Amino acid sequence: MMATTFVVISISLTLMPGRAAASSNPIKHLVFIIQENHSFDNYFGSYPNANGDASLQRALGANFWLNDSTMVWIKGDELPPGVSSDDPDDVATTKPTGPYWLGPKETTEDLSHAWATAHADYNGGLMNQFLQSEGSYVTFGYYNRTNIPYYWDYADHYVLEDNFFSSEMGPSFPNHLYIVSGTNGPVSGMTVSWLMNGYVINNPIHASVEVPKGLTLTWETLAQELQLGGVSWKWYDGETSTPLKPTIWNVLPLFQYFKDNPAIAQAHIQATPQFVTDISTGNLPAVSWIIPSGEWQPPIPVFSSSPCSSQDVNEHPPARVDCGMDYVTYLVNAVMKSKYWSSTAIVVSWDDFGGFYDNVPPPQVDAYGEGFRVPVLVISPYANNLLHIDNTQYEFGSMLRLIEDNFNLPTLGTRDAISNDMMTSFNFNQTPLPALIEPDNFIGR
């Protein structure tokens, strides 16, 4: 399957003598949780005062329920063949031919989010070919507070980013390379369809999470920079039995530095359950990435007797989004209930748009991106809740900059060097915000 991934990055201040020093702000730990395959409009298009799709907001208000008995309002130039509109620049209505309601206990098909389809959706910035390119009305499906209440609660209490773009207009593998390194190449010694001019644009193998045997990437990652800079870190992989096996999400084992230093790789690339253990035992490293595969189910009691017991928790369609939300809530709660909350910032994101419609044309900074907007939440005692919705332009390089600036590390010289560092989302002069402990059992209701 063409996927998008789950990542948790956590950062704390564990430094070797004489190495990089932390900034003076109270954020000593950063946690990035990255889920899969949803655009901003798909999750927050109807969130009050956010930059959602105005045409769909006018048509469906705050509900965005799409089913076979509801009229769908879309722009005239996105109508299917044979359906006309008196004013193609205005909003037109049409009736779908089959069910496509995105309800809290329903799943959706896996829409295409490959390089070619994404660029067809984009259509030179017109953003008007989603229906034709995706071949499904599901692309216009929306969730709201009824479906994903905890995500919306986090937006209410902390900060919602409504101008955060994925780094490449394509699927999981290249975007995960950007997440850890700020670039997607170059890859040498290969001539394959998933490369363009030596840079990764697609997942290597269709309908699989595997990567070609022998693939080795030679450029520097943030994990390598942290290792050399004396900042502690871990990479937690969802494949609990084989955390060192590279996939389109588990990209770190592909890099030459970790192949040349297997002891470092083994000490730092571990299975996902260790993340919660490290929090509970007070051993959370400075930086941690958590990569999901769907193999590991967290020990949430309700999962054992609910439909989530047989669901992936990464939100990649057709997985249920409420199961993924409960899983993310479990991770957030683990931090909030620990001693780390008072000095932590959690960033929750999704790694690509998953084929779902978004109304904002992504700025093109180079031949590979930006890609479409993805939802991003900043959860912290110092999240700038007075701002509430941050309109600053960000991308995955901004996550790297946030880490680098917070720990006084140099940039990698890739997208991080030209990206905003997300500090607008924080207010270090405010009274620290309290933890919002959600019950993480929405699926059990």
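View 1. Arg415 is buried, with a relative accessible area of 3%. Buried means under 20% relative accessible area, exposed over 50%, and partly exposed in between (1.4 Å probe, protein chains only). This is a predicted model, in which local features need pLDDT of at least 70 and side-chain atom pairs count only at pLDDT 80 or more, while totals for chains, interfaces and linings use all residues. Residues are numbered from 1 along each chain as its sequence is written, and side-chain values use heavy atoms, with hydrogens and water left out. Arg415 sits in the segment after α12. Helices (H or I, at least four residues) and strands (E, at least two) are DSSP runs, numbered from the N terminus. Which residues does Arg415 contact, leaving aside neighbours within four places in sequence? They are Ser167, Tyr178, Gly182, Val365, Asp366, Tyr368, Gly369, Glu370, Glu395 and Gly397. Contact means heavy atoms within 4.5 Å. From C-alpha to C-alpha, Arg415 and Ser398 are 8.1 Å apart in space, and they are 17 residues apart in sequence.

**View 2. The disulfide of Cys308 and Cys323.** The whole structure holds one disulfide. A disulfide is a pair of cysteine sulfur atoms within 2.5 Å. In the pair Cys308 and Cys323, the sulfur atoms are 2.1 Å apart. The link is left-handed, with -100 degrees about the S-S bond. Cys308 is buried, at 0% relative accessibility. Cys323 is buried too, with a relative accessible area of 0%.

**View 3. Helix α7 and its surroundings.** Seven of the eight residues of helix α7 (residues 222–229) are buried, so the helix is largely enclosed by the rest of the structure. The buried residues are Leu222, Ala223, Gln224, Glu225, Leu226, Gln227 and Gly229. What do they pack against? Their partners are α6 (172–181), β9 (233–237), α8 (256–260), α9 (262–268), β11 and α12 (396–406). Gly230 follows α7 and has a positive phi, near 80 degrees.

**View 4. Trp233 in the largest nonpolar core.** A nonpolar core is a set of buried Ala, Val, Leu, Ile, Met, Phe, Trp, Tyr and Cys residues joined through side-chain atoms within 4.5 Å. In soluble globular proteins, nonpolar side chains tend to be buried together. The largest core here has 108 residues. Phe44, Tyr151, Phe173, Trp233, Phe275, Trp289 and Ile379 touch the most other members. Helix α11 gives the most to this core, with 11 residues. Not counting residues up to four places away in sequence, Trp233 touches several residues, including Ala223, Leu226 and Gln227. Leu252, Phe258, Ile264 and His268 are also among them. Another core, of 12 residues, lies apart from the largest one and includes Leu131, Tyr137, Met169 and Phe372.

View 5. On a 1 Å grid over the protein atoms alone, a cavity is a set of points where a 1.4 Å probe fits but cannot get out; a pocket is an open set with protein on both sides within 12 Å along at least five of seven lines; lining residues have an atom within 4 Å of a point. Grid points are joined across faces, edges and corners, and a volume is the space filled by probe spheres set on the points. A search of the whole structure finds one cavity of 30 Å³ or more. The largest cavity has a volume of about 40 Å³. Gly238, Thr272 and Trp296 are among the residues that line it. The largest pocket has a volume of about 160 Å³. Its lining includes Glu210, Lys213, Lys245 and Lys259.

**View 6. Two cis peptide bonds.** Gly185 and Pro186 are joined by a cis peptide bond, with omega about 10 degrees. Pro186 is in the loop between α6 and β7 (195–196). The peptide bond from Pro317 to Pro318 is cis, with omega near 15 degrees. Pro318 is in the loop between β11 and α11.

View 7. Asn123 is not a glycine, yet has a positive phi of about 50 degrees. Asn123 lies in the loop between α3 (115–122) and α4 (130–134). At 30% relative accessibility, Asn123 counts as partly exposed. Asp440 is not a glycine either, and has a positive phi of about 45 degrees. Asp440 is buried, with a relative accessible area of 13%.
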